Amino acid sequence: MFKTQQGPFSVITDIVDRKVSDEINEDLKRSFTVEEIKYVVFSMHPDKALGPDGLNPGFFQHFWSTVGDDVSKAIMECLNNKSPVPGSNNTNIVLIPKKKQPEFVSDLRPISLCNVVDRITCEVLANRMKRCMNLIISEVQSTFILGRYITDNAMISFEAIHYLKRKTQGKVGYAALKTDMSKAYDRVEWGFLKAMMIKMGFCLEWVNKVMQMVTTVT
């Protein structure tokens, strides 16, 4: 289901404009700090499902005075000095049934259980990138962006269907089309992700940091 399906990226990337300014890139390239790492650690839910390390964020929060320096050093070595991902980026895949009696792989929803140190590293990167997401993601996408809500889509859909039901006369007709993008994020090709980030204007140094986290997962 999740095997690579290489294809031409230029069909999409050729119509994408540069949106990331030099100022944004300079902000992204700043050295990562202990404060950023600590903020992520203590903003995580303490009792998440365990990854290969057998630990949850609550352990790191409770014993931060003991392990904090080592964890911060390992993460900063990875992000600032291009060292390997600190927790080896190992991940357990757990299949959650979507229905009582699953018959096909598509009836199962895969979730990833990661080492806590790797999750912290990813979240530190994500927090740095959040500052520019509103600038590079279209206004019509109403989810996964801070300050935007999926309920906006529901209200727009309700108004559209309401209009269609009330329109019973006239020479021009209208229709609504519902589409389903199955596993849209899980199917993003690594090469396409890299090409798209470069076309948007992200500097190569930042792109390589992101791709290191994405492509080294086992």
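**Figure 1. Charged side chains of the predicted model.** In this predicted model, the chain carries 28 positive and 24 negative side chains. The centres of these two sets lie 8 Å apart.

**Figure 2. Surface and interior of the chain.** The accessible surface amounts to about 15200 Å², and carbon and sulfur atoms contribute 58% of this area. Of the 218 residues in the chain, 30% are buried. A residue is placed in this class when its relative accessible area is under 20%.

Figure 3. The secondary structure consists of ten helices and two strands. Read from the N terminus, the elements follow the order α-α-α-α-α-β-β-α-α-α-α-α.

**Figure 4. Extent of the fold and its contacts.** Along the principal axes, the C-alpha atoms occupy a box of roughly 75 × 50 × 35 Å.

Figure 5. Is T179 buried or exposed? The relative accessibility of T179 is 63%, and T179 therefore counts as exposed, since this class begins over 50%. N134 lies 45 residues from T179 along the chain, and the C-alpha atoms of T179 and N134 are separated by 25 Å.

Terms used:
Residues numbered from 1 in each chain as written. Predicted model: local features only at pLDDT ≥ 70, side-chain atom pairs only at ≥ 80, totals over all residues. Heavy atoms only, no water. Helix = DSSP H or I, 4+ residues; strand = E, 2+ residues; numbered from the N terminus. Buried < 20%, exposed > 50% of the residue type's maximum accessible area, 1.4 Å probe, protein only. Areas by Shrake-Rupley, 256 points an atom, 1.4 Å probe, with all protein chains shown as cover. Lys, Arg positive; Asp, Glu negative; His and termini not counted. Charge placed at Lys NZ, Arg CZ, Asp CG, Glu CD.
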